[in-house]
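Thanks for coming. I have one structure to go through today, so let me put it on the screen.

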Number of protein chains: 2
Amino acid sequence: MKSMMNKMPIVAAAVAACALFAAGSPRSYAADDAGQTSRYLPEYTSSGDMKLPKDWRHWVFIGSPLTPNALNGGKANFPEFHNVYIEPGSFAIYQKTGVFPEGTIFFKELQLTKQPAENPDGSRTEPSGRGFFPGPFNGADVTVKDSKRFGETGGWGYFNFHHYEPKAETAAARPKSECAFCHIASAKRDEVWTQFYPMLDEVALPPGNKKG
Amino acid sequence: MKSMMNKMPIVAAAVAACALFAAGSPRSYAADDAGQTSRYLPEYTSSGDMKLPKDWRHWVFIGSPLTPNALNGGKANFPEFHNVYIEPGSFAIYQKTGVFPEGTIFFKELQLTKQPAENPDGSRTEPSGRGFFPGPFNGADVTVKDSKRFGETGGWGYFNFHHYEPKAETAAARPKSECAFCHIASAKRDEVWTQFYPMLDEVALPPGNKKG
């Protein structure tokens, strides 16, 4: 055994140890031995509900659209900042290929605007000017690419982990009429609103794919 | 030399190699041998200008205030989404201690709202409602904590890496009259606008510190 250890290249042992470090720390997205960023993949309960993803605030932020209640007749579908993140390992693959790999997770954390809103448009005034400022978190929506599991909703599953806090620990996939129909109708690339996220939209499509 | 290598504990070699991995891959924030997240620290040119930080889009996003031109007499100081990130290793220390460690970097990437704005408040209408949607990137501002180097501006340095693209490769610290005075006057904690970033504001202050 000792002689085997001596023959084992130090670098291989180091890579193995790094993989352990990465697995033990959810904040780590270390390169594996193939130079790939490691991935966090969706987890499901035995009954098929999705578990709340881990550590999304350390994922890659891609943008934060805002549709305030005050600009939507008092009743926006999503009145909060939509802080949208993509799982980093999947993003790395997308950047290389132009295709969201199976298992890609988008996490949309909802964050209320800071109150009170002093102005009729829902804005308030702070030292940097009149506008919209982040306030309390308020739940999350999640989408997952899985062409087999979510074939009925176009290859993506849509989950509501509450539109309030605390977020749900698990969530069931929503029916097509609730989320998927709108993504299928109007999202630019593969049910994803890449038209609002330059970090996604600027990635070249795979050869031969004209969409986007 | 060979006998030394044999005596070197594999784990120590692995930790050293992990540190190399982390240094070589800007997307890696692997735990070091003390269980700490590794840090990216500010880099300066020989003349003392700050170099554009690396890989901020893989840092921890903390919030995106928005003060549109249309709500500020056509001339907001920062008309874009302010996508604010904190360097992850410094954030991990702050979460534990309630104090921003020396070398903490905040990166405020500016992102224009998507045009054309159809409405007088600067908003436009999309399938999810009337509001503000991310458009092209538009430069960045950066702050760095360094009590010695930036003592004249309250212990933080303020840098403008252009308010347009492409971002500058290097930037000189701005005088107190330009940025620091406002942070010193109105930011809640240690010149940082924690009042707009719940992820920062919810962290307990160190014992005996009443501010915040």
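This is a predicted model: local features need pLDDT of at least 70, side-chain atom pairs count only at pLDDT 80 or more; totals for chains, interfaces and linings use all residues.

Start with chain B. Here 5 strands make an open sheet, in the order 2-3-4-7-8, with antiparallel pairing. At the edges are strand 2, residues 60–63, and strand 8, residues 156–160, and each of these pairs on one side only. From one strand to the next the twist averages 30 degrees.

Within strand 3 of chain B, the residue opposite B:Phe61 is B:Tyr85.

Now the rings. Over all chains, the structure holds 30 aromatic pairs. One of them is A:Phe61 with A:Tyr85: the ring centres are 6.1 Å apart and the planes are at 70 degrees, so this pair is edge-to-face. A:Phe61 belongs to strand 2 of chain A, residues 60–63, and A:Tyr85 to strand 3 of chain A, residues 81–86, so the pair ties together parts 24 residues apart in sequence. Are these two residues buried or exposed? Both A:Phe61 and A:Tyr85 are buried.

Also in chain A, ring pairs link A:Tyr40, A:Trp56, A:Trp59 and A:Phe107 into a cluster.

Last, the charges. In chain A, the ring of A:Phe78 has the charged end of A:Lys108 over it, 3.5 Å from the ring centre. In chain B, the charged end of B:Arg57 sits over the ring of B:Phe137, and there the distance to the centre is 4.0 Å.

That is what I have.

Notes:
Residues are numbered from 1 along each chain as its sequence is written. Chains are lettered from A and ligands numbered from 1 in the order in which they are written. Side-chain values use heavy atoms; hydrogens and water are left out. Two strands pair if DSSP finds at least two bridges between them. Helices (H or I, at least four residues) and strands (E, at least two) are DSSP runs, numbered from the N terminus. Axes are lines fitted to C-alpha atoms, for helices over the stretch in contact, and angles run from 0 to 180 degrees between N-to-C directions. Rings of Phe, Tyr and Trp (its six-membered ring) pair if their centres lie within 6.5 Å; planes under 30 degrees apart count as stacked, over 60 as edge-to-face and the rest as tilted. Buried means under 20% relative accessible area, exposed over 50%, partly exposed in between (1.4 Å probe, protein chains only). A charge sits over a ring if NZ of Lys or CZ of Arg is within 6 Å of the ring centre and within 35 degrees of the ring normal.
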